[in-house]
Structures are given as C-alpha cells and as structure tokens.
2 protein chains.
Amino acid sequence: MDGATQGGAKAARPLTLYRKVAADLGREISEGAYGSGGRLPAEGELAERYGVSRGTIRQALSVLRANGLVTSRRGTRRVVLRTAHVQSFGELLSFTRWARSMGEEPGGRIVRLDLDRADGTEREQLRLDDGARVCRMLRVRTLSGRPVMVERTVYPEAIGALVAELDADTVSYTVRLEEQGVLFADAQHTLDLVQADKDDAELLGCRPGEPLLRERRRSTDPAGAPIEWSEDRYLPGTVAFTVHSSATSGSLARRPGTPPA
Amino acid sequence: MDGATQGGAKAARPLTLYRKVAADLGREISEGAYGSGGRLPAEGELAERYGVSRGTIRQALSVLRANGLVTSRRGTRRVVLRTAHVQSFGELLSFTRWARSMGEEPGGRIVRLDLDRADGTEREQLRLDDGARVCRMLRVRTLSGRPVMVERTVYPEAIGALVAELDADTVSYTVRLEEQGVLFADAQHTLDLVQADKDDAELLGCRPGEPLLRERRRSTDPAGAPIEWSEDRYLPGTVAFTVHSSATSGSLARRPGTPPA
DNA sequence: GAGTGGTCTAGACCACCGA
DNA sequence: CGGTGGTCTAGACCACTCC
C-alpha cells in the first residue's frame with residue numbers, strides 16, 4: 001500500500017519528490033509519530049533527512065497544510081493539527097470509492113437515462129451552445145442494499161455517449177469514465193437542505209416532504225471544461241461533509257439559501 | 001477599497017509581493033478581463049509585467065488555484081474557472097461579516113451564557129485537561145430581524161473571560177475577539193442535517209422536529225490551540241455552503257453520518 | 001518544434017517566536 | 001539572541017500541449 005497513488009484516480013500522477021515526501025510525512029503524522037499538537041522537525045532537518053533542497057520540503061509541507069494536517073507560522077516549528085486520514089479527491093467524487101473506503105458495499109440502480117436538448121440551466125452549468133444536447137441520468141445509490149441517496153447527473157453529449165455504452169449494472173461510472181481518459185480535476189460543490197419530491201420519496205422509501213441533504217456539484221477536467229453537473233440527495237443521518245479552511249487558503253464559503261419552494 | 005486587506009481579520013497580513021499580484025489578478029478575473037473559460041497570460045509574461053521573478057508569480061497563481069479561480073496544467077496557459085467573488089476566511093467565520101457582505105442587517109440575542117466544568121466531548125474538542133472549565137454561549141442570530149440560526153459556542157476559560165467582559169448586545173464576538181488579539185487561523189467544519197429540539201424551535205419560531213442545516217466548527221489559533229467549538233443550526237432556505245475541491249488539494253470530504261437520534 | 005507550466009536547486013534576507 | 005518559517009531571486013531541466 002503506497003498511499004500516494006492509492007485511493008483515487010486511475011490516471012496515476014507522477015511520483016515527484018515532494019509528493020513522496022508529503023506522503024511519507026502524512027503517514028508518519030497519521031501514525032501519531034509526532035502526536036496531536038506535537039511539533040514537526042524543522043525544514044532544514046527534513047531537507048537533510050530526505051536529501052532534497054529546502055524548497056522541495058516546503059512544497060511537500062504546503063500539501064499537508066492545505067489538507068489541514070499542520071499549521072505553519074514564522075518563528076516556530078509546524079504543529080500537528082489533526083492525525084485523521086485525509087480523504088482523496090477520488091473518494092470524494094465517487095460514491096463507490098467512498099463506500100468501499102468505509103468497508104461498505106456500494107450498489108445502485110439506474111432509473112432513467114436519456115438524451116435530450118439542454119435547457120438553460122444545463123447550458124450555463126456545462127457551458128454549452130444553444131441547441132446542444134445532454135445526457136441525463138437518474139440513479140438511486142445504496143449502501144449494503146439500503147437506499148441512501150438519489151443522484152441526478154447531467155453530462156455533455158460527448159461524455160454521455162461514453163456513459164450510454166456502459167453496462168447498466170456498472171457500479172462506478174466515475175471510475176469507468178476515468179479509465180476511458182475522462183479526468184476529473186476540479187469540482188465546485190454547494191451544500192444545502194431540500195424536501196424530498198415524489199421521485200425521491202419513492203426511490204428512498206421515505207415520505208414526500210422529508211428533509212434531505214443536497215449536494216450540487218459541477219466537475220471540470222484539467223482543461224477547465226465541464227464534465228458533469230450533478231445533484232445528489234441524501235437521507236438524513238447517512239452522510240456528513242467535512243471541510244478544512246484556513247486564513248491563508250479557504251475554499252469554503254457561505255451563501256444565501258434558496259427557500260425550498 | 002483595497003480587496004487585499006479587506007473583508008477580514010483585523011490583524012492585517014503583510015502586503016507581500018505575491019499577495020499584491022494575486023489580488024491584482026483576482027480583481028482582473030472577477031472583472032471579466034479574461035472572460036469565463038479564457039486564458040491567462042504566461043508566467044513569464046506576468047513576471048515581466050510585474051517586474052518580479054517567475055517564482056513569485058507562481059506563488060500568486062497558486063493562491064488563485066487554491067481558491068478555485070483558475071486551472072493549471074503543463075503545456076497550456078491557465079484557464080479561468082470562475083469569475084465569482086471569493087469569500088474571505090473572516091466572512092466565513094463571522095456571521096456578522098457574512099451578513100453585511102450581503103447587504104443584510106445582522107442581529108442577535110444571547111439566550112444563555114455560563115461558566116462550567118468541561119464535559120468529555122468539550123475537553124477533547126478544545127484539548128483541555130481534566131477539570132478544566134469552559135464558557136458556554138447560546139445565541140439566536142437574525143437577518144434583518146428575522147431569526148435564521150441558533151448558535152451554541154464553547155470557549156476555553158481564558159477566551160471565555162474575554163467574552164464575558166463584552167457587552168451583551170455586542171454584534172460580533174468574533175470581531176471583538178480579534179481586536180483583543182485572538183487570531184483565527186484554521187477551522188474544521190462538519191455539515192449535516194438535524195431535527196430542531198425544543199430550544200431550537202422556540203428560538204427560531206419553528207416546530208420541534210423541523211429539519212435544520214447544522215454546521216459544527218472547531219477553530220484554532222496560529223499556534224494550533226483551539227479557540228472555540230461551535231454548533232450552528234440554520235433554518236432551511238436561509239443558507240447554502242459552497243466548497244471548491246481539486247485533485248491536487250482537496251479540503252472537502254464525505255463521512256458517515258450520525259442518525260438524528 | 002515552440003511555448004508552456006511543473007519540478008528542483010542554491011542561496012539570500014527578513015520577520016517572528018521563544019528562551 | 002539563535003532558530004524558525006516566509007519571501008524572493010536566478011537558473012536549470014523536463015513533460016506536456018498544440019500547431
């Protein structure tokens with residue numbers, strides 16, 4: 001188990017020096033080598049230990065800082081903030097990989113899959129021209145057979161063509177798409193609360209109007225082109241989202257909500 | 001309006017070169033100078049334009065990338081991902097600053113404020129010793145007079161002493177604490193869904209059992225010492241949280257949920 | 001093949017923290 | 001005051017994208 005290439009995209013990122021150092025330090029931290037609240041060795045010491053320059057060490061440490069594992073401030077050695085496992089981008093985007101990382105058995109069933117002209121919102125989210133077509137998918141996702149989430153995903157036509165070719169009982173479309181060269185590089189998420197509509201209620205086995213945790217997501221490839229626009233609705237108590245934010249690099253924000261109709 | 005020092009912590013961060021460049025480029029992007037999906041100038045060109053080294057330009061661009069504004073990949077110029085305004089860490093932590101940034105009038109009322117021995121969870125979250133004491137605060141927060149959120153915050157005794165000295169009608173405790181030298185550097189957030197208890201219902205004017213969007217937050221200072229542990233519960237439709245995540249530096253994760261009792 | 005961003009090095013100076 | 005991380009420079013080589 002390497003930890004660096006693991007838990008994520010099939011397209012292996014190159015094992016650069018700083019990534020190896022970051023993975024190594026991250027493992028040490030999660031194993032409690034420095035304790036919670038403990039102090040890391042100085043940059044210079046690490047540079048000597050790994051036989052690399054200070055710049056490379058700093059690049060590695062900036063990864064740990066971005067993941068919320070350590071602080072960093074002038075004058076003092078870095079302090080361990082958390083010893084928890086850091087979830088990879090792959091585990092975040094793929095329900096299947098997330099489920100397996102918890103030791104649960106993921107499942108799913110496609111309820112609807114069709115090709116249609118994109119409406120206004122879809123064109124805007126996927127940055128499509130007038131008259132462009134999209135592939136819409138409605139799926140219910142299960143953990144160990146128990147339905148927990150309804151997923152509505154919209155793909156641009158080109159991606160949708162790949163999706164349509166896959167077996168209907170494919171477990172993870174995300175993984176399959178990556179295998180076909182569709183790389184997920186960035187995603188923008190919005191989290192709020194909605195009421196179950198009639199479809200949701202039927203698929204999840206709850207009453208219409210029941211509250212659900214909603215995640216809307218727009219994923220883009222390395223070139224910045226939209227790959228998918230998705231809306232996931234989770235039953236209460238099945239999931240929680242965690243985020244780290246810091247004064248130097250925050251990615252979390254609070255926005256005005258839209259009343260649930 | 002400067003943009004670089006604005007919208008946040010009173011403790012002004014030094015205006016370093018790369019911060020100035022990042023602020024400048026960020027402003028250009030939000031003004032649409034490169035369009036949505038457009039390409040940024042090359043690093044070398046920017047280095048020449050600003051009269052700094054390529055390293056400094058790269059540091060500035062990494063800020064924009066962390067904020068989800070631009071992509072970056074080998075071989076091509078950077079692409080603009082979003083032109084939206086980036087919310088600062090200060091706006092995220094302070095309900096008051098967030099409200100004002102939207103043009104709403106923030107308000108609040110302290111319902112309870114007391115000093116007590118910390119229980120097990122509190123000791124763990126605030127990293128306190130056995131027998132340590134904490135300050136607990138229960139507040140209802142309003143937007144333009146309308147109650148939208150119930151906030152339960154726990155402070156370590158030292159911070160609590162500062163809190164207790166403030167006027168009961170203080171609008172923003174976060175801002176006041178920062179003025180007293182308490183700096184917020186990092187925060188870990190967990191988002192999920194709960195049902196309103198009797199207190200929530202009374203304070204928010206809803207029925208017990210009504211669904212609420214919950215944000216639990218643990219904030220630490222630059223040294224990594226816990227400052228506050230807070231649980232905020234929002235009425236549906238009043239707020240949404242947005243996060244950016246990327247393959248190279250993700251801070252968002254999905255966790256198993258806890259059933260709402 | 002030309003242009004671009006990614007990685008890595010070596011060194012310099014400074015601001016800050018804590019003893 | 002010594003040790004630490006933050007900032008900035010100058011240069012090198014490489015992997016990749018696109019024409």
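**View 1. The annotated domain of chain A in the predicted model.** Welcome to a predicted model, so please read each view as a prediction. The end C-alpha atoms of residues 15–83 of chain A are 23 Å apart. An unreviewed UniProt entry annotates residues 15–83 of chain A as "domain: HTH gntR-type".

**View 2. The interface of chain B and chain A.** Here you can look at where the two chains touch: 66 residues of chain B and 66 residues of chain A take part in the contact. Together the chains bury about 6300 Å², with 52% of that area on carbon and sulfur atoms. On the chain B side, Thr242(B), Arg254(B) and Arg255(B) provide 14% of the area buried against chain A, which is more than any other three residues give.

**View 3. Polar contacts and the make-up of the chain B side.** Across the interface, 34 residue pairs are in polar contact, while the count of salt bridges between chain B and chain A is zero. Elements of chain B that each give two or more residues to this side are α4 (89–93), α5 (95–101), β4 (186–195), β5 (211–220), β7 (239–246) and β8 (252–256). Sorted by class, the side of chain B that touches chain A holds 33 nonpolar, 23 polar and 10 charged residues.

**View 4. A strand pairing between the chains.** Strand β7 of chain A, residues 239–246, runs antiparallel to β4(B), and six bridges join the two.

**View 5. A salt bridge within chain A.** Side chains of opposite charge can pair when their charged atoms come close. In this close-up, Asp197(A) and Arg152(A) form a salt bridge, and their closest N and O atoms are 3.5 Å apart. The two partners come from distant parts of the chain, 45 residues apart. Asp197(A) sits in the loop between β4 (186–195) and α9 (198–204) of chain A, and Arg152(A) belongs to strand β3 of chain A. Over all chains, the salt bridge count comes to 55.

**View 6. Ser144 in each chain, with a positive phi.** Ser144(A) is not a glycine, yet its phi is positive, near 50°. You will find Ser144(A) in the loop between β2 (133–143) and β3 (146–156) of chain A. In chain B, Ser144(B) also has a positive phi, about 50°, and lies in the loop between β2 (133–143) and β3 (146–156) of chain B.

Methods:
Residues are numbered from 1 along each chain as its sequence is written. Chains are lettered from A and ligands numbered from 1 in the order in which they are written. This is a predicted model: local features need pLDDT of at least 70, side-chain atom pairs count only at pLDDT 80 or more; totals for chains, interfaces and linings use all residues. Side-chain values use heavy atoms; hydrogens and water are left out. Contact means heavy atoms within 4.5 Å. Buried area is the accessible area (1.4 Å probe) that two parts lose on being put together, summed over both. A salt bridge is a side-chain nitrogen of Lys or Arg within 4 Å of a carboxyl oxygen of Asp or Glu. A polar contact is a pair of N or O atoms within 3.5 Å; within protein, one must be able to donate a hydrogen and the other to accept it, and residues adjacent in sequence count only if both atoms are side-chain atoms. Helices (H or I, at least four residues) and strands (E, at least two) are DSSP runs, numbered from the N terminus. Ala, Val, Leu, Ile, Met, Phe, Trp, Tyr, Cys and Pro count as nonpolar, Asp, Glu, Lys and Arg as charged, and the others, Gly among them, as polar. Two strands pair if DSSP finds at least two bridges between them. UniProt positions are given in the numbering used here, feature names are shortened, and annotations may be inferred rather than shown by experiment.
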